[in-house]
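Me: Hi! Could you walk me through this structure in plain words?

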Amino acid sequence: MLQFSKSTCSAILAASLSAAFSAPAAFADVTNADVWGNWRGYMEGLGYTISASESASGNTLTVTDITMTVPPADGMDEISASMPSMTMTEQGDGTVRVTLPPLSQLVFNVNPADSEAVQLNIDYVQDGFNMIVSGDTAKLDYAYFAKSVTATLTNLIVDGTTLGNDMARGNINVSDVSGTSTITTNNPRTAQQNLTAGAVTYAMNFSDPDTDAAAKFNGSMQNMTTTATSVIPTAGVSMQDMNAMLAAGFSATGTVTHQGGNLDMSFNGPDGAGTAQTSSGSGTIGFSMSSDGLSYDVGQTDLSLNALIPDVPLPIVMNMARSNLNFAMPIQKSDAEQDFALGFTMGDFTVSDMLWGMLDPGAQLPRDPATLVLDLTGKAKVLFDFLDPDQAAALASSGANPGELNALTLKNLIVDAVGARLSGSGDFTFDNTDTATFGGMPRPTGAVDLQLVGGNGLIDKLVGMGLLPEQQAMGARMMMGLFAVPGEAPDTLNSKIEFNDQGHILANGQRIQ
């Protein structure tokens with residue numbers, strides 16, 4: 001029913017970044033006319049078309065019927081956004097007060113080139129909003145606060161058809177908002193922003209009448225803080241073309257933290273209905289985007305999950321002391337090697353005794369908290385621009401290789417559960433001129449060191465539980481004997497797996513291929 005094209009996603013990303021990094025610059029200047037003219041010229045320099053009505057009276061400038069449009073280009077979608085009004089008032093001391101109406105009805109239109117047109121109507125309500133702008137044309141400073149800010153999706157219109165309240169609705173409320181920012185107007189512009197909020201609550205529901213699939217979300221975060229720094233080119237590029245923005249010097253970094261959050265979710269789909277509740281003690285989200293690449297780092301503490309899902313007869317109950325997911329990837333073509341990374345941590349997690357009772361009714365396996373850690377880094381050559389839709393389409397149609405893997409480092413591997421612990425680390429380089437030795441993949445050179453503690457003891461327990469037949473247990477022990485040697489401590493096995501420059505594989509110095 002609702003299909004979004006690749007270019008729609010790009011346009012939504014562009015609009016989001018524009019809203020995040022350009023709105024403060026609209027308000028930072030010495031006079032009303034300069035504030036409005038600076039913002040308008042800035043947005044038009046990025047390729048946006050701005051229309052509005054202006055009315056000046058005394059020391060007040062009122063701007064109404066504001067519309068910002070991103071025209072379609074090179075197969076990209078058209079996006080427009082509009083708001084009714086804003087007022088700028090010179091205070092007589094070199095500062096400007098910016099006022100928004102208590103209720104603003106915002107309209108966003110997305111006109112994809114290859115799917116249905118979408119319109120979103122949003123009620124933007126603010127209570128006690130106040131913004132004071134100071135500074136000069138070289139460096140702009142502003143401070144703002146509000147008792148609360150609420151955005152509510154009131155209508156979603158797809159290809160001229162309005163979806164009902166039960167099909168698509170959303171609401172987000174931010175209370176006790178305060179923030180500061182410093183923005184320069186040189187080329188490129190720079191912006192340093194800080195925001196704090198007491199609580200963030202949100203509610204969303206979606207359904208598809210064609211499949212009866214539905215989902216509802218309700219959640220909150222407490223004591224949220226946000227910091228962000230951005231570098232924004234002032235002319236000659238368009239937010240529709242993020243690849244060109246990056247090439248022109250665009251960059252953005254930011255961090256969001258909170259001191260506790262929760263989420264309640266219910267869903268219904270082809271396989272049945274289910275529910276899930278999660279909570280966490282604190283959390284951090286880090287983000288970075290530039291010509292050097294894209295990266296995320298998401299971490300939480302004291303995470304809990306309680307879920308009922310189709311085809312699972314018991315609740316899934318899990319608690320985790322700490323969790324983390326991070327990745328970094330290059331996104332622009334380069335003849336030089338570029339860094340990438342991938343890591344995740346599930347630290348000290350436990351599951352319910354009810355689930356343990358199904359798997360191990362005799363309590364033969366240790367039920368200590370388990371930990372999983374994977375930390376990978378490497379170097380690769382990227383052979384196309386990920387954010388260029390034309391290059392992406394050409395790559396998909398040709399089936400060409402998007403890049404070359406040059407090096408891979410296993411910085412840390414830990415699997416610590418049910419009385420056994422596997423750990424490892426290693427380094428490899430790859431010869432992309434030789435894809436014959438290992439059946440199509442570049443030939444690796446390097447080694448990985450592994451250690452298994454408690455492996456034989458775990459096999460004994462699994463045999464005693466009847467989960468592992470004795471014959472298969474014997475085969476597993478033979479394989480461990482082939483690839484590993486005993487360590488100094490009891491029930492410890494060490495293994496060094498090497499790939500040499502001749503294409504041979506060795507285990508502890510013995511060639512196995």
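Reply: Happy to! One term to start with: helices (H or I, at least four residues) and strands (E, at least two) are DSSP runs, numbered from the N terminus. This is a predicted model, where local features need pLDDT of at least 70 and side-chain atom pairs count only at pLDDT 80 or more, while totals for chains, interfaces and linings use all residues. Residues are numbered from 1 along each chain as its sequence is written, and side-chain values use heavy atoms, leaving out hydrogens and water.

Me: Where is Gln 332 found?

Reply: Gln 332 is in the loop between S18 and strand S19 (338–351).

Me: And is Gln 332 buried or exposed?

Reply: Gln 332 has a relative accessible area of 11%, so it counts as buried. Buried means under 20% relative accessible area, exposed over 50%, and partly exposed in between (1.4 Å probe, protein chains only).

Me: What is Gln 332 in contact with?

Reply: Contact means heavy atoms within 4.5 Å. Leaving aside neighbours within four places in sequence, Gln 332 contacts Asn 243, Leu 246, Ala 247, Ser 291, Gln 338, Val 382, Phe 384 and Asp 385.

Me: S18 came up there. What about Val 317?

Reply: Val 317 sits in strand S18, which covers residues 316–329. Its relative accessibility is 24%, so Val 317 counts as partly exposed. Not counting residues up to four places away in sequence, Val 317 touches Leu 305, Asn 306, Thr 350, Val 351 and Ser 352.

Me: How far is Val 317 from Leu 458?

Reply: Their C-alpha atoms are separated by 24 Å, and Val 317 and Leu 458 are 141 residues apart along the chain.

Me: OK, and Ser 279? Which strand is that in?

Reply: Ser 279 lies in strand S15, residues 272–280. With 29% relative accessibility, Ser 279 is partly exposed. Asp 302 is 23 residues away along the chain, and the two C-alpha atoms are 7.8 Å apart. Asp 302 is also one of the contacts of Ser 279, including Gly 261 and Leu 303.

Me: New topic: which way do S20 and S21 run?

Reply: Strand S20 (residues 370–382) and strand S21 (residues 403–417) run antiparallel, joined by 12 bridges. Two strands pair if DSSP finds at least two bridges between them. As an example, Thr 377 has Thr 409 in S21 as its bridge partner.

Me: How many bridges join S21 to S22?

Reply: There are 9 bridges between S21 and strand S22 (residues 420–431), and these strands run antiparallel. Leu 408 has Phe 428 of S22 as its bridge partner. S21 and S22 form a hairpin with 2 residues between them, and Val 418 in the turn has a positive phi of about 45 degrees.

Me: Nice. How do helices H6 and H7 pack?

Reply: H6 (residues 455–465) and H7 (residues 470–483) pack at an angle of about 170 degrees, and their axes are 10 Å apart. H6 and H7 are therefore roughly antiparallel; angles under 35 degrees count as roughly parallel, over 145 as roughly antiparallel, 65 to 115 as roughly perpendicular and the rest as oblique. Axes are lines fitted to C-alpha atoms, for helices over the stretch in contact, and angles run from 0 to 180 degrees between N-to-C directions.

Me: Which residues make the contact of H6 with H7?

Reply: H6 brings Asn 456, Ile 459, Asp 460 and Val 463, and H7 brings Glu 470, Ala 473, Ala 476, Arg 477 and Met 480.

Me: Last one: how many helices and strands does the protein chain have?

Reply: The protein chain has 7 helices and 27 strands. Of its 513 residues, 37% count as buried.
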